[in-house]
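Subject: Structure handover

Hello,

Here is the structure for you to open. Please keep it on screen while you read the notes below it.

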2 protein chains.
Amino acid sequence: MGQLWDMRPLARKLGAFVALTDDELTVLDGLHKRRRTFVAGRELVHQGQSDRSAYVMISGWACSYKLLPDGQRQIVDFQIPGDFLGLRSILLHMSDHTIEPVTDIEVTEIHVSDLLDAFASAPRLATAVLWAASRDEAMVVEHLVDVGRRDAAQRMAHFLLELGSRLTLAGMGSRDGFACPLTQYLLADALGLSSVHVNRVLRQLREAGMVTFRDGQVTFQDHDRLAEFAEFDPTYLDQVGPLLT
Amino acid sequence: MGQLWDMRPLARKLGAFVALTDDELTVLDGLHKRRRTFVAGRELVHQGQSDRSAYVMISGWACSYKLLPDGQRQIVDFQIPGDFLGLRSILLHMSDHTIEPVTDIEVTEIHVSDLLDAFASAPRLATAVLWAASRDEAMVVEHLVDVGRRDAAQRMAHFLLELGSRLTLAGMGSRDGFACPLTQYLLADALGLSSVHVNRVLRQLREAGMVTFRDGQVTFQDHDRLAEFAEFDPTYLDQVGPLLT
DNA sequence: CGCTGATTTGAAGAGAGTCAATCGAGGTGG
DNA sequence: CCACCTCGATTGACTCTCTTCAAATCAGCG
């Protein structure tokens, strides 16, 4: 299950897009500089700071967000095991957002220069990373649709279903639900709502018998009805298998 | 100005990220299968359809959007000359959105297979495309912040300023304004507002003496005050010059 | 000249925010 | 062992932004 990521998270992630050769796997293994841990709440990459390292999540949850001058924030995405942290930041040589662990997290570090060298010596790796980045962008796009065109209840439902699907792919969830360390404040900042309204909406969904969010556990009581209510179409998450053999 | 794009739009776009060699330029030129035109309103890539070609815009405006089952839509981004059309669609072998020309447009076509072959023979091109894709993602993220955490007036102001900056980089605008073929309906679907409210907000901004939107022309009457009002920080659009030499 | 599409404006209603108070669990120090 | 504190969850009352519905205006155009 989730343990698989522990070994070679990058190989696992990119292998979904490109059938990697032994040589390419060797190059990938050379990328992992060291394993690091960060404690919950202490920000990792700061908005505006330029940085030389990206990370791959091994365990725990993190979130990336943008801070507005007036103190509000918009959470762009949550990262779970197997996801990149700060990839865009190092590519653009400028962090346009902040990354903060939600729980204590474990990551492996990757230096930009090593990554670019790897692209040069194993070109198909660049293609694989491009694919992974495209899938991340597809999730941001779906998030934009959530916030722009769905009301609070649909938005919440859709968001929880997406998280459930992603966690299931990572072996950390199922159609029945998943363990979820997020607070209602975090949900509010992700969905563009107030925490008060998040609470009300969660109650609605609970009383409608569709999904329960309690004690760090999301339980899909009626997955099908919830998916219908949220108009959830997981196509954009589909893992079709290696596209380049 | 805008004419430069006409010649080798892809070379111009990628050259901003990677200093291209003659060999790489040759490979790039081999990518342009043919030049095509599409008329305004007739969709180009349909949601759910899998496709083999992406495009690079030469002239005109297009938009990419997602349709919801209830008929609402969320416009994800507008494309202007020099932008990719449908790059993510072909990479993921599945279009998760629809692309439609806003005006008549002119594009050059690129086949996926050719693109992947090009990556193999000129690896640094893959890195360049990854960079371009990352910048596109940064714009979607900023759009998400717009819709999630800014009120209607700030949202509109921020959006017009971003468009202005992008068009200026493409030689099609300035601090004074730009020609804009968008309707208020399109703005509404992009900003997650109703077209009625878009109209009201435009009036507010006009009466405040900050920006005018009329007869296909956006005029920044007071660019500085508008930028301050919108808390506009164009960092995420910055073109730092070749990152890989 | 009448059509259609885009813009404009008014009035009423709904969804979500704000303010404020309560409650419960976990942690900490006396 | 208990008072105290903090953080997150919960709920009520009120306010306000934005939507919806409706209608009028205007321009281009067959």
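Is B:E231 buried, exposed or partly exposed? B:E231 is partly exposed, with a relative accessible area of 24%. The cut-offs are these: buried is under 20% relative accessible area, exposed is over 50%, and partly exposed is in between (1.4 Å probe, protein chains only).

Two ground rules before the rest. This is a predicted model, in which local features need pLDDT of at least 70 and side-chain atom pairs count only at pLDDT 80 or more, while totals for chains, interfaces and linings use all residues. Residues are numbered from 1 along each chain as its sequence is written, chains are lettered from A and ligands numbered from 1 in the order in which they are written, and side-chain values use heavy atoms, with hydrogens and water left out.

**Confidence**

pLDDT is the predictor's confidence in each residue, from 0 to 100. Chain A has a mean pLDDT of 90. In chain A, 95% of the residues reach 70 or more. Helices (H or I, at least four residues) and strands (E, at least two) are DSSP runs, numbered from the N terminus. Among the elements of chain A, helix α8 (residues 184-191) has the highest mean pLDDT, 98. Helix α1 (residues 3-7) of chain A has the lowest, 53. Where pLDDT is low, the predicted coordinates should not be read in detail.

**DNA strand C**

A residue is near a strand if one of its heavy atoms lies within 4 Å of it. There are 16 residues around DNA strand C. A:A152, A:H197, A:R200, B:Q184 and B:N199 come nearest. They divide by class into five nonpolar, six polar and five charged. Here Ala, Val, Leu, Ile, Met, Phe, Trp, Tyr, Cys and Pro count as nonpolar, Asp, Glu, Lys and Arg as charged, and the others, Gly among them, as polar.

Which parts of DNA strand C lie within 4 Å of the protein? Of those atoms, 65% belong to sugar or phosphate and the rest to bases.

Now the polar contacts (pairs of N or O atoms within 3.5 Å; within protein, one must be able to donate a hydrogen and the other to accept it, and residues adjacent in sequence count only if both atoms are side-chain atoms). The side chain of A:S194 has an N or O atom 3.0 Å from a phosphate oxygen of DNA strand C. For A:R200, a side-chain N or O atom is 3.0 Å from a base oxygen of DNA strand C. B:R203 places a polar side-chain atom 3.3 Å from a phosphate oxygen of DNA strand C. Two or more residues of this surface come from each of α9 (195-207) of chain A, α8 (184-191) of chain B and α9 (195-207) of chain B. α9(B) gives the largest share, four residues.

**DNA strand D**

DNA strand D has 15 residues around it. A:Q184, A:N199, B:A152, B:S194 and B:H197 come nearest. By class, the surface has four nonpolar, six polar and five charged residues. Of the atoms of DNA strand D within 4 Å of the protein, 65% are from sugar or phosphate.

A:R200 has a polar side-chain atom 3.1 Å from a base nitrogen of DNA strand D. A:R203 has one 3.4 Å from a phosphate oxygen of DNA strand D. B:A152 uses a backbone N or O atom, 3.0 Å from a phosphate oxygen of DNA strand D. The elements giving two or more residues here are α9 of chain A and α9 of chain B. The largest share, four residues, is from α9(A).

**Inside chain B**

B:Q74 sits in strand β4 (residues 73-79) of chain B. B:Q74 is buried, with a relative accessible area of 0%. Its side chain reaches the backbone oxygen of B:A190 at 2.9 Å. Contact means heavy atoms within 4.5 Å. Leaving aside neighbours within four places in sequence, the contacts of B:Q74 include A:L144, A:R149, B:Y65 and B:D189.

Most residues other than glycine have a negative phi. A:D215 has a positive phi of about 50° although it is not a glycine. A:D215 lies in the loop between β10 (211-214) and β11 (217-220) of chain A. A:D215 is exposed, with a relative accessible area of 76%. B:E231 also has a positive phi, about 55°, and is not a glycine. B:E231 lies in the segment after α10 (223-230) of chain B.

Best wishes
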